[in-house]
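Here is a walk through one model, with an eye on its confidence, its pockets and its charged pairs. Have the viewer open as you read.

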Amino acid sequence: MARPQKSRSRDEPLTAERIIVAALRIADGEGDLDGLTVRRLAADLGIGTMTLYGYFRGKDEILDAMADHVLGRMRLPEEPDAGPAETLRAVGHAFLEMMRDHPSVARLFGTRITDSPAALKGAMEAVLQRFVDAGIPGPLAVRCYGFLITYAIGFASYQRPRPWGRMADIEGSEHHRQRTHYYAGLPKGEFPVMVEYADKVAALSSNEEFGAGLEAYIDSTLRLLPRGGS
């Protein structure tokens, strides 16, 4: 795996924001929060560890600030939603993009709770308000939020070591061909279903599969709305 590039310039003024951007670059590049240490971060920035401690008291504060940075800047379409279905669809894909752009955030969700106002405002309050404005009752809006964010975390984590899943034409990719060949070559007596549907098994990490699951959830949610809102 290629090592993340170092900061643009060691002459650039040091700020908390610059530290967090560097931390995200390291963690996202490694795909592992364990690879992010105070010593490594300081070396990446070209500073001493004691200088870093002048901005953050330790790794835990840095991790919280990373979550704030990403969650507080979650991107939602600016155009008004046409209704509940479009809103759920937009948020589901926004969550997935956030997790894929910053895989370290998926790990952060699995290891700690983020209670900062910035994170709560950007990635929770704004989303819940979007749901309510689209006509989804509050309790159901909260349930939708919980499902969509955990679905995105799980799918992004599954897709990360299977990058061919992000390809627009996955079935035309060499990676898909190789995985199909692998599954098709399994002992048929032990894996009869996987062998028969090898091409479909190889495409489990595709964007199309994420979309299929999302649409199924949207359909089930719409049936819970008053008068079948859509």
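## Confidence and ground rules

pLDDT is the predictor's confidence in each residue, on a scale from 0 to 100. Averaged over the chain it comes to 88, and 93% of the residues reach 70 or more. Helices here are DSSP runs of H or I with at least four residues, numbered from the N terminus. Mean confidence is lowest in helix 6, at 82, and highest in helix 10 (residues 192-196), at 98. Over residues 1-5 the pLDDT is below 50, and this stretch has 10 contacts in the model beyond near neighbours in sequence; a contact means heavy atoms within 4.5 Å. Where pLDDT is low, the predicted coordinates should not be read in detail.

This is a predicted model, so local features need pLDDT of at least 70 and side-chain atom pairs count only at pLDDT 80 or more, while totals for chains, interfaces and linings use all residues. Residues are numbered from 1 along each chain as its sequence is written, and side-chain values use heavy atoms, with hydrogens and water left out.

## The largest pocket

A pocket, for this report, is an open set of points on a 1 Å grid over the protein atoms alone, where a 1.4 Å probe fits and protein lies on both sides within 12 Å along at least five of seven lines; lining residues have an atom within 4 Å of a point. Grid points are joined across faces, edges and corners, and the volume is the space filled by probe spheres set on the points. The largest pocket holds about 240 Å³. It has 13 lining residues, and those closest to its centre are Met 99, Pro 103, Ala 156, Gln 159 and Arg 160. Helix 5 (84-101), helix 6 (103-111) and helix 8 (138-159) are the elements that give two or more residues to this lining.

By class, the lining of the largest pocket splits into 6 nonpolar, 3 polar and 4 charged residues. The classes work like this: Ala, Val, Leu, Ile, Met, Phe, Trp, Tyr, Cys and Pro are nonpolar, Asp, Glu, Lys and Arg are charged, and the others, Gly among them, are polar.

Met 99 sits in helix 5. Is it buried or exposed? At 1% relative accessibility, Met 99 counts as buried (buried is under 20% relative accessible area, exposed is over 50%, and partly exposed is in between, with a 1.4 Å probe and protein chains only). Leaving out residues up to four places away in sequence, Met 99 touches Val 105, Ala 106, Phe 109, Ile 149, Ala 152, Ile 153 and Ala 156.

Arg 100 is also placed in helix 5, and at 15% relative accessibility Arg 100 counts as buried. Beyond four places in sequence, Arg 100 is in contact with Ala 156, Gln 159, Arg 166 and Asn 207.

## The second largest pocket

About 200 Å³ of space lies in the second largest pocket. Its lining includes Arg 73, Arg 75, Glu 97 and Asp 101. Helix 4 (59-71) and helix 5 each supply at least two lining residues, and helix 5 gives the most, with 6.

## Salt bridges

Side chains of opposite charge can pair when their charged atoms come close. Counting a salt bridge as a side-chain nitrogen of Lys or Arg within 4 Å of a carboxyl oxygen of Asp or Glu, the total is 7. One of them pairs Arg 73 with Glu 17, with the closest N and O atoms 3.6 Å apart. Arg 73 is in the loop between helix 4 and helix 5 and Glu 17 is in helix 1 (residues 16-30), 56 residues apart. Arg 73 is partly exposed at 46%, and Glu 17 is partly exposed at 39%.

Arg 75 and Asp 101 also meet in a salt bridge, at 3.1 Å from N to O. Arg 75 lies in the loop between helix 4 and helix 5 and Asp 101 in helix 5, so this pair ties together parts 26 residues apart in sequence. Arg 75 is exposed at 59%, while Asp 101 is partly exposed at 34%. Another salt bridge joins Arg 89 and Glu 215 at 2.6 Å, N to O. With Arg 89 in helix 5 and Glu 215 in helix 12 (residues 207-222), the pair links parts that are 126 residues apart in sequence.
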